[in-house]
Amino acid sequence: MRQIVCEAPDKLVLTEGVIPPCGEGEARVRIRRVGICGTDLHAYKGNQPFFSYPRILGHELSGEIEQLGSDVQGLAVGDRVSVVPYLACGSCIACRKGKSNCCVSMQVLGVHLDGGLRESIVVPASQLLPASDLTWDQAAMLEPLGIGAHAVRRSGLEAGDTALVIGAGPIGLGVMAMARERGARVIAMDLQAERLRFCQSWAGVEATVAAGPDAAGELQALTGDAYPDVVFDATGHAGSMNGAFAYTSHGGTLVYVGLVKADISFHDPEFHKRELTLMGSRNATREDFEAVRRVIAKGDIDIERYITHRADFGGMIDVFEDWLLPESGVIKAVVEL
């Protein structure tokens, strides 16, 4: 079985692995698509928290069931599936509260455990979501878009609210799409003009703001001096995350969707004056995957344009470095098997 291993920062190697056995309650999935996300890129560059080497990357996965262990119900060999890559313990305080996405002992495929950049993977059958109504591409994109769905659901955003999404990468775009689905007025902020144009054409945002010294004034003008009700920072950049406090309305909510390996600080009097709510949003739940699936099935999210770059499995290593370059224009890259 072919597999791609990240042996150390800046080192990907194509190797041969053993086809994993399939035990009770498990399923072996023939991988068909692997989305590449910021987590994979950060791990490759040595900047990913909760990560150790060597590791098989890949947690945005779709595939076909090729074997089922005993005691598996509701699935069959040949089923097209999306993989929910977050393995929770089911018994900790977070799991007991229905927050399996932030399980105390969380293990994420491609981060804490070997992921899907290989021809086959064995996972608990409970981590599979049937996706016969979706394409391989669509099924693999439930995970990154599910992160946006979770952030929006967690924020309490309501129809008619104004949402600012900072960061027009694949996660930020998912937040925009799901915020619009909820009926919010969405403003996108990013450094790159081309990304902001894409936000308008793909996510249908109402307005865009270029990140920089004039951003606060533009937001005031767009909101009648009130600022947005909910601000989502999907940059994973400490400077942006610090600055996002200034863009949130009095009584508003700031949600950190992006993750940065650094400390975040803020000016407490301003925080208290506005009585802000600060939230972290981690991963997604099966409920969020299902929400995205329904939106995609309705035709409200264009996956074909969301995926901008592709490579086959054998050629991925040769182009991976290019995907790191801003000038490459990557929004979402996918590996095909």
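Glu275 sits in the loop that runs between α9 and β15 (277–280). Its phi is positive, about 65 degrees being the value for Asp71 and about 45 degrees the value for Glu275. The model described here is predicted. The points below cover backbone features, the open sheet, the helices packed on that sheet, the nonpolar cores and the salt bridges.

**Backbone features**

- Glu275 is not a glycine, yet its phi is about 45 degrees.
- With a relative accessible area of 63%, Glu275 is exposed, because exposed means over 50%.
- Asp71, also not a glycine, has a positive phi of about 65 degrees.
- The place of Asp71 is the loop between β4 and β5 (80–83).
- Asp71 has 61% relative accessibility and therefore counts as exposed.
- A cis peptide bond leads from Tyr53 to Pro54, with omega near -5 degrees.
- Pro54 belongs to the loop between α1 (38–45) and β4 (60–68).
- Most residues other than glycine have a negative phi, and most peptide bonds are trans.

**The open sheet**

- Six strands form an open sheet with parallel pairing, in the order β12-β11-β10-β13-β14-β15.
- The edges are taken by β12 (207–210) and β15, each with a single partner strand, so one side of each has no neighbour in the sheet.
- On average, neighbouring strands of this sheet are turned by 20 degrees against each other, direction ignored.
- Strand β13 (residues 230–233) runs parallel to strand β14 (residues 253–256), and 4 bridges join them.
- Opposite Asp233 stands Tyr256, a residue of β14.

**Helices on the sheet**

- Helix α5 packs on the sheet and touches β10 (162–166), β11 (185–190) and β13.
- The direction of α5 makes about 170 degrees with that of β11.
- Helix α6 (residues 193–203) also packs on the sheet, where it touches β11 and β12.
- Between the directions of α6 and β11 the angle is about 160 degrees.

**Nonpolar cores**

- The largest nonpolar core has 94 residues, and Met176 and Phe232 touch the most other members.
- Helix α5 (residues 170–181) supplies the largest share of this core, 7 residues.
- Beyond its neighbours within four places in sequence, Phe232 is in contact with residues including Ala151, Val152, Ser155, Ala163 and Leu164.
- The contacts of Phe232 also include Val165, Ile166, Val175, Val255 and Val257.
- Another core, of 20 residues, lies apart from the largest one; among its members are Ile166, Met189, Phe245 and Leu254.
- In soluble globular proteins, nonpolar side chains tend to be buried together.

**Salt bridges**

- The count of salt bridges comes to 20.
- Side chains of opposite charge can pair when their charged atoms come close.
- Lys11 and Glu7 form a salt bridge in which the closest N and O atoms are 3.3 Å apart.
- In this pair, Lys11 is partly exposed at 41% relative accessibility, and Glu7 is partly exposed at 35%.
- A second salt bridge joins the side chains of Lys273 and Glu270, at 3.3 Å from N to O.
- Lys273 and Glu270 are 3 residues apart in helix α9 (residues 268–273), so about one helical turn separates them.
- Lys273 counts as exposed at 52% relative accessibility, whereas Glu270 counts as partly exposed at 27%.
- Glu290 forms a salt bridge with Arg293, with the closest N and O atoms 4.0 Å apart.
- Both Glu290 and Arg293 lie in helix α10 (residues 286–297), 3 residues apart, which is about one turn of the helix.
- Glu290 has a relative accessible area of 27% and is partly exposed, while Arg293, at 18% relative accessibility, counts as buried because buried means under 20%.
- Arg33, Asp137, Arg310 and Glu336 form one network, joined by salt bridges that share partners.

Definitions and conventions
Residues numbered from 1 in each chain as written. Predicted model: local features only at pLDDT ≥ 70, side-chain atom pairs only at ≥ 80, totals over all residues. Heavy atoms only, no water. Buried < 20%, exposed > 50% of the residue type's maximum accessible area, 1.4 Å probe, protein only. Helix = DSSP H or I, 4+ residues; strand = E, 2+ residues; numbered from the N terminus. Core = buried A, V, L, I, M, F, W, Y, C linked by side-chain atoms within 4.5 Å. Contact = heavy atoms within 4.5 Å. Pairing = 2+ DSSP bridges. Axes fitted to C-alpha atoms, helices over the stretch in contact; angles between N-to-C directions.
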